[in-house]
Amino acid sequence: MTHRFRDLLALEPLSADELTFLLDQSKPFQEIQKHPLKKLATLRGKTVALAFFESSTRTRISFGTAASRLGADIMNLQAEASSLKKGESLLDTVHTLNAMKPDCLVVRHAASGAADFVARHLDIPVINAGDGTHEHPSQGLLDALTIRDRRGKINNWNVTILGDIRHSRVARSDIHLLGKFGCRLTLCGPAMWVPRELEQIAPQAAIRRVFNVEEALDGADVVIVLHPGPMNRGIEISPEVADGPQSCVLEQVTNGIAVRMALLFLLCAGHDEEGTHPSSEAQQPVNRRATDVKDPSHASR
Ligand code: CP
């Protein structure tokens with residue numbers, strides 16, 4: 001089944017079918033990362049606006065590289081050197097970018113709900129590249145793709161999320177996604193970072209809280225290590241774990257480009273034309289008139 005997405009603001013409102021579709025769409029783009037020549041012409045003539053109001057290494061470069069490898073032009077807001085410094089508002093800034101006619105806007109902002117706010121005011125697709133402590137949907141997807149590649153599937157695993165979960169938008173996206181696939185989630189960290197209300201954030205997910213690592217990992221059949229970055233080595237993760245054989249950290253980064261190419265393809269390749277998947281093995285028409293998808297722009301925060 002194909003699905004149509006206007007925006008990608010959160011994983012919470014998406015179904016397991018929709019999430020599987022997004023992961024499957026990323027597969028051919030993973031193959032393209034292995035080619036010596038990685039550039040496609042799929043989005044030639046399109047423009048992707050990157051509006052990062054908060055610092056980023058991976059997500060910003062990954063979306064930019066994904067757009068470039070699809071042949072799109074990039075409009076890049078440098079927040080530190082922009083008129084934000086003169087007091088221009090978020091809304092005036094994104095209206096200004098939109099007036100230059102990009103086909104899609106990727107936004108990161110320190111405020112939860114900022115991406116949803118922007119999407120409600122623009123007439124182009126908006127992708128949330130991380131908003132406050134709310135969600136980081138492309139990171140959730142690349143995490144799931146990495147787990148699926150390493151373990152063959154994402155259904156029904158026991159997954160432990162360690163750290164400052166209270167303030168982690170990545171943890172929220174992961175919980176929403178993995179909960180839809182029947183994973184049982186153990187949230188582990190100091191009590192102040194794993195508050196009781198987290199047990200309720202994804203009603204479909206079985207969530208427990210524990211406060212020491214030994215208990216969190218008790219009974220694990222296999223351990224793989226994911227980290228969204230940036231890593232604070234020696235503070236939150238030891239070099240032995242970050243660089244050990246179970247670490248998938250750099251696979252996550254590579255997979256991020258594939259996921260973001262798929263998202264840009266699905267959202268930008270045309271509300272005005274039928275798109276075909278750039279992989280010759282997967283010439284699947286994208287049904288842009290399908291109505292079987294909830295509009296993620298209405299995601300609650
Ligand atoms: N994973 C992630 O969001 O990293 P950046 O903050 O470097 O983009």
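The legends below describe close-up views of a predicted model.

Residues are numbered from 1 along each chain as its sequence is written. Because the model is predicted, local features need pLDDT of at least 70 and side-chain atom pairs count only at pLDDT 80 or more, while totals for chains, interfaces and linings use all residues; side-chain values use heavy atoms, with hydrogens and water left out.

**View 1. The four-stranded open sheet.**
Four strands form an open sheet in the order β2-β1-β3-β4, with parallel pairing. Strands are DSSP runs of E of at least two residues, helices are runs of H or I of at least four residues, and both are numbered from the N terminus. Two strands count as paired if DSSP finds at least two bridges between them. Strands of a sheet pair through backbone hydrogen bonds, either parallel or antiparallel. At the edges stand β2 and β4 (126-131), each pairing on one side only. From one strand to the next the twist averages 15°, where axes are lines fitted to C-alpha atoms and angles run from 0 to 180 degrees between N-to-C directions. The parallel strands β3 and β4 are joined by four bridges. L105 stands opposite V126 in β4.

**View 2. The three-stranded open sheet.**
An open sheet of three strands has the order β5-β6-β7, and its pairing is parallel. The edge positions belong to β5 (158-162) and β7 (206-210); each has a single partner strand, so one side of each is left without a neighbour in the sheet. The twist averages 20° from one strand to the next. Strand β6 (residues 184-188) runs parallel to β7 and is joined to it by five bridges. L185 has I207 in β7 as its bridge partner.

**View 3. Aromatic pairs.**
The count comes to two aromatic pairs. Rings of Phe, Tyr and Trp (its six-membered ring) pair if their centres lie within 6.5 Å; planes under 30 degrees apart count as stacked, over 60 as edge-to-face and the rest as tilted. F5 and F21 form a stacked pair, 6.2 Å centre to centre with 20° between the planes. This pair links distant parts of the chain, with F5 in the segment before α1 (16-33) and F21 in helix α1, 16 residues apart. F5 and F21 are both buried, a word that stands for under 20% relative accessible area, with exposed over 50% and partly exposed in between (1.4 Å probe, protein chains only). F29 and F265 form a tilted pair, 6.2 Å centre to centre with 55° between the planes. F29 lies in helix α1 and F265 in helix α9 (residues 249-268), so the pair ties together parts that are 236 residues apart in sequence. F29 is buried because its relative accessibility is 0%, and F265 is buried with a relative accessible area of 1%.

**View 4. Charged ends over rings.**
K153 lies over the face of W157, at 4.3 Å from the ring centre. The charged end of R260 sits over the ring of F63, 5.0 Å from its centre. A charge counts as over a ring if NZ of Lys or CZ of Arg is within 6 Å of the ring centre and within 35 degrees of the ring normal.

The residues around the ligand are S56, T57, R58, T59, R108, H136, Q139, P228 and G229, each with a heavy atom within 4 Å of the ligand. A polar side-chain atom of S56 lies 2.6 Å from an oxygen atom of the ligand. A polar backbone atom of T57 is 2.8 Å from an oxygen atom of the ligand. For P228, a polar backbone atom is 2.7 Å from a nitrogen atom of the ligand. A polar contact is a pair of N or O atoms within 3.5 Å.

**View 5. Backbone details in loops.**
Most residues other than glycine have a negative phi, and most peptide bonds are trans. G229 and P230 are joined by a cis peptide bond, with omega of about -10°. P230 is placed in the loop between α7 (213-217) and α8 (239-242). K101, which is not a glycine, has a positive phi of about 65°. K101 lies in the loop between α3 and β3 (104-109), and at 64% relative accessibility K101 counts as exposed. N156, not a glycine either, has a positive phi of about 65°. N156 is found in the loop between α5 (137-151) and β5, and N156 is partly exposed, with a relative accessible area of 43%.

Methods
A polar contact is a pair of N or O atoms within 3.5 Å; within protein, one must be able to donate a hydrogen and the other to accept it, and residues adjacent in sequence count only if both atoms are side-chain atoms.
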